[in-house]
Amino acid sequence: MIREVDLVSYLPQFLQEYKELNEALKAEDPEFVLVWRAAERALHNEFIESADEYGIARLERIMKILPSIEDTIESRRAKIMSRWFDMVPYTLKMLIKKLTVLCGETDFTITKEYDNYRIEIMTHLGMFGQIEELERIMDDMVPCNMVVVLENQIICRSTGTAHVAGNVCCVEQSMVSNDFSGQFRVNGFSSVGSGTVISEIFEMKQTDKGGKA
């Protein structure tokens with residue numbers, strides 16, 4: 001958190017009444033803000049979890065890690081943490097510790113079949129580059145005479161609602177001519193969401209030659 005700088009408050013009370021000193025110290029406040037911001041950034045870059053882009057890049061150079069263009073800041077951070085805690089001996093306890101660092105908040109499962117020289121690991125890694133880092137860990141820590149089966153499942157949970165609208169339109173065509181005599185009635189109804197429905201009934205019949213209905 002950036003410290004609030006107020007140099008005037010450090011003056012004795014009787015000197016704070018002089019406008020010249022107040023204005024001179026107020027002009028220097030922004031410079032001290034920059035100093036505090038640089039100090040805070042240096043402090044954050046001392047730790048992997050709080051390092052920014054500059055701090056992550058510096059740690060990658062130290063550990064000779066070449067990031068990919070598709071790597072995010074969090075995937076790069078996870079890769080650094082995985083290699084930073086690279087300590088021997090390579091025991092199952094140490095493997096679990098490294099997987100905990102790599103997986104973070106996601107769970108993982110280890111199935112051990114020592115009699116068959118086989119070990120299975122189920123993970124749920126979703127960030128770019130984590131699978132490659134997992135393969136590197138297994139290559140370095142697991143003995144070569146053991147079969148390693150890695151399976152990664154990404155669980156997708158979606159919530160929300162989907163609205164689907166449809167409309168059906170029926171059209172009836174009628175032809176009125178003098179070729180026949182009779183009468184017929186056309187009626188019906190229509191439904192429109194958020195609208196007004198108007199229905200009308202028309203009755204039509206042919207008139208005779210005398211003009212009477």
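Gly126 lies in the loop between β2 and α5, helices (H or I, at least four residues) and strands (E, at least two) being DSSP runs numbered from the N terminus. With a relative accessibility of 61%, Gly126 is classed as exposed; the cut-offs are under 20% relative accessible area for buried, over 50% for exposed and in between for partly exposed (1.4 Å probe, protein chains only). A distance of 8.9 Å separates the C-alpha atoms of Gly126 and Asn152, which stand 26 residues apart along the chain. The structure is a predicted model, in which local features need pLDDT of at least 70 and side-chain atom pairs count only at pLDDT 80 or more, whereas totals for chains, interfaces and linings use all residues. Residues are numbered from 1 along each chain as its sequence is written, and side-chain values use heavy atoms, with hydrogens and water left out.

The protein chain contains five helices and five strands, arranged from the N terminus in the order α-α-α-α-β-β-α-β-β-β. Buried residues make up 22% of its 213 residues. Among contacts (heavy atoms within 4.5 Å) with a separation of 6 or more, 42% join residues 24 or more positions apart.

The largest nonpolar core comprises 15 residues, of which Leu95, Leu99, Ile119, Ile121, Leu134 and Met138 touch the most other members. Such a core is a set of buried Ala, Val, Leu, Ile, Met, Phe, Trp, Tyr and Cys residues joined through side-chain atoms within 4.5 Å. Two or more residues of this core come from each of α4, β2 (118-123) and α5 (130-141), and α4 contributes the most, with five. When neighbours within four places in sequence are set aside, the contacts of Met138 are Leu95, Ile121, Val148 and Leu150. Another core lies apart from this one and has eight residues, including Ile48, Ala51, Met63 and Ile80. In soluble globular proteins, nonpolar side chains tend to be buried together.

In helix α2, the buried residues are Gly55, Ile56, Leu59 and Glu60. Viewed down the axis of α2, these residues fall within an arc of 140°, so they line one face of the helix; the arc is that of the directions from the helix axis to the C-beta atoms. Helix α3 is included in what covers the buried residues of α2.

Two residues other than glycine have a positive phi and lie in loops. Lys64, with phi near 55°, is placed in the loop between α2 (53-62) and α3 and is exposed at 73% relative accessibility. Tyr117, with phi of about 50°, is placed in the loop between β1 (109-113) and β2 and is partly exposed at 47% relative accessibility.

Grid points are joined across faces, edges and corners, and a volume is the space filled by probe spheres set on the points. One cavity of 30 Å³ or more is found by this rule. The largest cavity, with a volume of about 30 Å³, is lined by Ser75, Ala78, Lys79, Leu102, Phe128, Gly129, Gln130 and Glu133. Helices α3 and α5 are the elements that give two or more residues to this lining, and α3 supplies the largest share, three residues. The lining of the largest cavity consists of three nonpolar, three polar and two charged residues; Ala, Val, Leu, Ile, Met, Phe, Trp, Tyr, Cys and Pro count as nonpolar, Asp, Glu, Lys and Arg as charged, and the others, Gly among them, as polar.

Lys79, a residue of helix α3, is buried at a relative accessible area of 13%. Apart from neighbours within four places in sequence, Lys79 is in contact with Ile65, Asp71, Gly129 and Glu133.

The second largest pocket holds about 260 Å³ of space. Its lining has 17 residues, among which Ala78, Leu102, Cys103, Gly104 and Met127 lie nearest the centre of the pocket. The elements that give two or more residues to this lining are α3 (73-84) and α4 (92-103). By type, the lining of the second largest pocket divides into seven nonpolar, six polar and four charged residues.

Conventions. 1 Å grid on protein atoms, 1.4 Å probe; cavity = no way out; pocket = protein on both sides within 12 Å on 5 of 7 lines; lining within 4 Å.
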